[in-house]
Amino acid sequence: MRINGKAVSLSLLIISAVLTVFWLVLFSDSVSYYIMAALIIVILLLPVFIGFEKSARSAREMALLAVITALAVASRAVFYLVPQFKPIAAVVIAGAACLGASRGCLIGAFSAFISNFLFAQGLWTPFQMVALGLVGFAAGIIFEKVKPKRINLTVIGFIITFVIYGLIVDLSSVFLMVTDFSVSSVLAIYASGVPFNAAFAGATALILFLAGEPFVKKLNRINKKYGIINDSVSEEENGK
């Protein structure tokens, strides 16, 4: 029976999100965030271990995912001194637009975890991993149907970064800062995060506007030349 890779990845993302909230509420004082981050990595890597279609993933594919993840990490590090201007989500979205939802999920989660060794690990790390993983997954799903042209990448990149990343990461602030849960207190936390999320989404949109489409084209050429990933979006589907 053919296993739907996207359904598996989405299910694992949901499981990771639920476990992250469960951990923060009940076990964050006794269980290290490193353990929680490692658990998320293991969960999200399950499809790699078992194979969606009972076929081993190639070393070239793993190398390509590693390179894109490293680029995402480096893009965040380069702008270390510029608050909220981090191109990491743009790299994740462009990678997912080319390689698909499942791989976009892995790129997002791994880039969040690894880059935090440069910025700072903390209780927020598992939330950032889930958030960027879901951003990559959503981008992969959307750009299967929508051509990753400059304007599409820019607009969609802004929306999914602002909405998905903002909602999930700010959820950690809700659980950490709100003692008397009410609609008004939760909304206050999310309202205070709007300027930061808008700046992050704006930076993502700007990078995608300037370099998103060429980056996707380059990845597609590499994939087509070396036959790394057979089920990635073809150049014809991307309107090349």
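Predicted model: local features only at pLDDT ≥ 70, side-chain atom pairs only at ≥ 80, totals over all residues.
A residue counts as buried when its relative accessible area is under 20%.

Now step back to the whole chain. There are 8 helices and 0 strands, so from the N terminus on the elements run α-α-α-α-α-α-α-α. Of the 240 residues, 47% count as buried.

Helix α1, made of residues 5–26, holds Val25. Val25 counts as partly exposed because its relative accessibility is 48%. Follow the chain onward and you find Phe175, 150 residues away from Val25 in sequence, yet the two C-alpha atoms are 7.0 Å apart in space.

Next, look at the charged side chains. The whole structure has 3 salt bridges. In one of them, Glu61 meets Arg103, with the closest N and O atoms 2.8 Å apart. This pair links distant parts of the chain, since Glu61 belongs to helix α3 (residues 59–78) and Arg103 to helix α5, 42 residues apart. Both partners are buried: Glu61 has a relative accessible area of 5%, and Arg103 has one of 9%.

Glu213 takes us to another part of the model. Its side chain meets that of Lys149 in a salt bridge at 3.9 Å, N to O. Here too distant parts of the chain are linked: Lys149 is in the loop between α6 and α7, while Glu213 is in helix α8, 64 residues apart. Glu213 also forms a salt bridge with Lys217, where the closest N and O atoms are 3.6 Å apart. Lys217 and Glu213 both lie in helix α8, 4 residues apart, or about one turn of the helix. Together, Lys149, Glu213 and Lys217 are linked in a network of salt bridges. Glu213 is buried because its relative accessible area is 15%, whereas Lys149 is partly exposed at 30% and Lys217 is partly exposed at 26%.

Aromatic rings come next. A search of the whole structure finds 7 aromatic pairs. One of them joins Phe113 and Phe117 edge-to-face, with 5.1 Å from centre to centre and 80 degrees between the planes. Both residues lie in helix α5, 4 residues apart, about one turn of the helix. Phe113 counts as buried, at 13% relative accessibility. Ring pairs also link Phe113 and Phe117 with Tyr33 and Tyr34 into a cluster. Elsewhere, charges meet rings: Arg76 lies over the face of Phe119, at 4.1 Å from the ring centre, and the charged end of Arg150 sits over the ring of Phe209, 5.0 Å from its centre.

Ala120 is partly exposed, with a relative accessible area of 34%.

We finish on the surface. A nonpolar patch there has about 780 Å² of accessible area, and Phe209 is one of its residues, as are Leu167 and Ile151. Helices α7 (150–177) and α8 (183–226) are the elements that give two or more residues to the patch, and the largest share, 6 residues, comes from α7. Leu167 has its place in α7 and is partly exposed, with a relative accessible area of 46%.

Terms used
Residues numbered from 1 in each chain as written. Heavy atoms only, no water. Buried < 20%, exposed > 50% of the residue type's maximum accessible area, 1.4 Å probe, protein only. Patch = residues over 30% accessible without salt bridge, like charges linked within 9 Å, V, L, I, M, F, W, Y side chains within 5 Å. Areas by Shrake-Rupley, 256 points an atom, 1.4 Å probe, with all protein chains shown as cover. Salt bridge = Lys/Arg side-chain N within 4 Å of Asp/Glu carboxyl O. Phe/Tyr/Trp six-rings, centres within 6.5 Å; stacked < 30°, edge-to-face > 60°. Lys NZ or Arg CZ within 6 Å of the ring centre and 35° of its normal.
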